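Subject: Structure handover

Hi,

Here is the structure I promised to pass on.

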Amino acid sequence: MRRLISDTFSELVKTQDVDKITVTMLIGECHISRQTFYYHFQDMDEVLEWTILEKSKQMLEQSIQAEEPEKALRVFVSFFKRNAVQMRKFMESRKRDRAVRILIDALIQYLRGVTERYKSPEIKIDYDDMEVMLRFFACGMMGILIHYADNPQLSEEKLIEQIRRILTGRLVPGKQDPPQ
């Protein structure tokens, strides 16, 4: 039932402003009673939070299963592209801060996993520095993904490659990485 309510909420977000979706509207679309709604959720804020948490969990699980960082990045870019309308509406809503925090936390978990999987053993980084670095990259990725998600001319492959180069410090060519 939670999934039905959440999926219906996601569909409504495609055509309605997040802040204008009401319990009455949602239960009408779900064909459930008000009592059923309140059995599963306290209010619309909880529906929004649960919906974003579930979507970010799915995205995170898919990215963790990816064998290469590029495939994991593809999960995030494709997710934001597929859900561009909802993401834009979440960002325009009063609930933006909570939505952003949930998605950034998912990106941090992804980046932490990638860092642990691919970090060279001779590189030592202190915990606080790691946390700042992860948050910095997660916030940057979030901004980039939201900015480009609803661009119809977006080349997903090019964006994935650009993000990969940023994360690996290779966006600006250095002595070890000459321009091609």
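Let me begin with a pocket: helix 9 gives the largest share of the lining of the second largest pocket, with five residues. Before going on, please keep in mind that this is a predicted model, in which local features need pLDDT of at least 70 and side-chain atom pairs count only at pLDDT 80 or more, while totals for chains, interfaces and linings use all residues. Residues are numbered from 1 along each chain as its sequence is written, and side-chain values use heavy atoms, with hydrogens and water left out.

**The second largest pocket**

A pocket here is an open set of points on a 1 Å grid over the protein atoms alone, with protein on both sides within 12 Å along at least five of seven lines, and lining residues have an atom within 4 Å of a point. This one holds about 190 Å³ of space, where a volume is the space filled by probe spheres set on grid points joined across faces, edges and corners. Twelve residues line the pocket, and those closest to its centre are Y148, L154, K158, L159 and Q162. Two or more lining residues come from each of helix 8 (127-149) and helix 9 (156-167). By class, the lining has seven nonpolar, four polar and one charged residues (nonpolar: Ala, Val, Leu, Ile, Met, Phe, Trp, Tyr, Cys and Pro; charged: Asp, Glu, Lys and Arg; polar: the others, Gly among them).

**Overall layout and confidence**

The protein has nine helices and zero strands; helices (H or I, at least four residues) and strands (E, at least two) are DSSP runs, numbered from the N terminus. Its C-alpha atoms fill a box of roughly 65 × 35 × 30 Å along the principal axes. The average pLDDT, the predictor's confidence in each residue from 0 to 100, is 85, and 93% of the residues score at least 70.

Helix 1 (residues 2-15) and helix 4 (residues 44-65) have axes that come within 10 Å and cross at roughly 95 degrees, which means helix 1 is roughly perpendicular to helix 4 (65 to 115 degrees; under 35 is roughly parallel, over 145 roughly antiparallel and the rest oblique). Axes are lines fitted to C-alpha atoms, for helices over the stretch in contact, and angles run from 0 to 180 degrees between N-to-C directions. On the helix 1 side, R2, R3, I5, S6, F9 and S10 take part, and their partners in helix 4 include W50, T51 and K55; contact means heavy atoms within 4.5 Å.

The axes of helix 5 (residues 69-82) and helix 6 come within 4 Å and cross at roughly 80 degrees, so helix 5 is also roughly perpendicular to its partner, helix 6. F79, F80, K81 and R82 of helix 5 meet A84, Q86 and M87 of helix 6. That contact has four nonpolar, one polar and two charged residues.

**One cavity**

What lines the largest cavity? A cavity is a set of points where a 1.4 Å probe fits but cannot get out, and there is one of 30 Å³ or more. Its lining consists of S10, T51, K55, N83, Q86, M87 and F90. The lining divides into two nonpolar, four polar and one charged.

Happy browsing!
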